[in-house]
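Please look at the sequence and the model below before reading on. The paragraphs that follow go through the structure part by part.

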Amino acid sequence: MKQADPNHQKISRRGFFKNAGIGTAGLAGIPLLANSCVTENRKANLQDYFSKGDVIVFQGDSITDAGRNKKRELPNNAGSFGGGYAHLAASWLLEALAAFELTIYNRGISGNKVYQLAERWDKDCINLKPNVLSILIGVNDYWHFRNGRYDGTPEIYENDFRELLQRTREALPDIKLLICQPFILTETTAVNESWVEPFSAYQEIAKKISLEFEATWVPFQDAFDQAIEVAHPTYWANDGVHPSMAGAQLMANTWLGSI
């Protein structure tokens, strides 16, 4: 595997979305790489966050979808979860909190932008009556604009995202929200440095929305920025958007660690 130039990595990290996340200092206690050890501290934190009988929904685009079977959208079912971070995080929860009898769904759909979440929101969110909702959305809102398949703007992304969460809170006032940081990795097959500045606007908006709705912030970009100091960006996501096996495990660890 090609080794990344350490000087370039430092430059990239300084340039990556400084104003849009909690920063690497805020990641203390979140493991960088997969750790098979289930810590008692993490279990205790999750036991405080979740309640017995909770319904949890993962929402988003292809990164969340991860090839799931959309004909059998079953909870707690491997085929219905695909092979990504949602599957890994849900599996961890179901084992660690077995006594909580959690019901967990993956309703991510490849290619989705915020307005497409809204079009299916009753079926794929409200009607499931989740107690906990995790949303990762944003990369397609920029990528599809970039390649001419969508005429959205950061302002449209912000307005659509805010309206979606307002609608959710009106229907489910006690819901716990997790807003995931959209991410990209440069020096990959689909993403180069020209993405960084325009995409940062979408990430800043996601952070703003997270604060506005008092959601738990899941710092995926920050985790990947640390990870590329260990291995080249293509190790974590070959095209810079869709995570590898290692990238999916990193995301699951970051998701769990954020709680």
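In helix 10, the buried residues are Phe-220, Gln-221, Asp-222, Ala-223, Phe-224, Asp-225 and Ala-227. Helix 10 spans residues 220–227 and is mostly covered, with seven of its eight residues buried. A residue is called buried under 20% relative accessible area, exposed over 50%, and partly exposed in between, using a 1.4 Å probe and protein chains only. Helices are DSSP runs of H or I with at least four residues, strands are runs of E with at least two, and both are numbered from the N terminus.

This is a predicted model, in which local features need pLDDT of at least 70 and side-chain atom pairs count only at pLDDT 80 or more, while totals for chains, interfaces and linings use all residues. Residues are numbered from 1 along each chain as its sequence is written, and side-chain values use heavy atoms, with hydrogens and water left out.

The chain as a whole contains 12 helices and five strands. It has 259 residues, and 52% of them count as buried. The chain exposes about 11,400 Å², of which carbon and sulfur atoms supply 49%; accessible areas come from the Shrake-Rupley method with a 1.4 Å probe, and for residues only the protein chains shown count as cover. Of the contacts between residues at least 6 apart in sequence, 80% join residues at least 24 apart. Contact here means heavy atoms within 4.5 Å.

Helix 9 covers residues 196–212. From its first C-alpha to its last, this helix of 17 residues reaches 24 Å, close to the 24 Å expected at 1.5 Å a residue. The expected span is 1.5 Å times one less than the number of residues. Buried residues of helix 9 include Val-196, Phe-199, Tyr-202, Ile-205 and Ile-209, and also Gln-203 and Lys-207. Just after helix 9, Glu-214 takes a positive phi of about 55°.

Strand 5, residues 216–218, includes Thr-216. Which residues does Thr-216 touch, not counting those up to four places away in sequence? They are Tyr-49, Leu-177, Leu-178, Ile-179, Ser-210 and Ser-258. Thr-216 and Cys-180 are 36 residues apart along the chain, and 8.3 Å separates their C-alpha atoms.

The loop between strand 4 (176–180) and helix 9 holds Glu-187, and Gln-181 has its place in the loop between strand 4 and helix 9 as well. Gln-181 counts as buried, at 0% relative accessibility, whereas Glu-187 is partly exposed, with a relative accessible area of 30%. Glu-187 is not a glycine, yet its phi is positive, at about 60°.

Helix 7 (residues 139–146) contains Val-139. Is Val-139 buried or exposed? At 5% relative accessibility, Val-139 counts as buried. Leaving aside neighbours within four places in sequence, Val-139 is in contact with Asp-61, Ile-63, Phe-183, Ile-184, Trp-195, Phe-199 and Val-241. One of these, Phe-199, is among the buried residues of helix 9. Val-139 and Gly-60 are 79 residues apart in sequence, with a C-alpha to C-alpha distance of 10.0 Å.

Two other helices pack against each other: helix 2 (residues 40–49) and helix 4 (residues 85–96), at an angle of about 90° and with axes 11 Å apart. The axes are lines fitted to C-alpha atoms, for helices over the stretch in contact, and the angles run from 0 to 180 degrees between N-to-C directions. Helix 2 is therefore roughly perpendicular to helix 4, a term used for angles of 65 to 115 degrees. Arg-42, Lys-43 and Leu-46 of helix 2 make the contact with Trp-92, Leu-93 and Ala-96 of helix 4. By class, this contact has four nonpolar, no polar and two charged residues. Nonpolar covers Ala, Val, Leu, Ile, Met, Phe, Trp, Tyr, Cys and Pro, charged covers Asp, Glu, Lys and Arg, and the others, Gly among them, are polar.

Gly-79 lies in the loop between helix 3 (62–65) and helix 4, and is partly exposed at 40% relative accessibility. Beyond residues up to four places away in sequence, Gly-79 touches Arg-68 and Asn-69. Glu-101 sits in the loop between helix 4 and strand 2 (103–106). Glu-101 is exposed, with a relative accessible area of 53%, and has a positive phi of about 50° although it is not a glycine.

How values were computed
Parallel < 35°, antiparallel > 145°, perpendicular 65-115°, else oblique.
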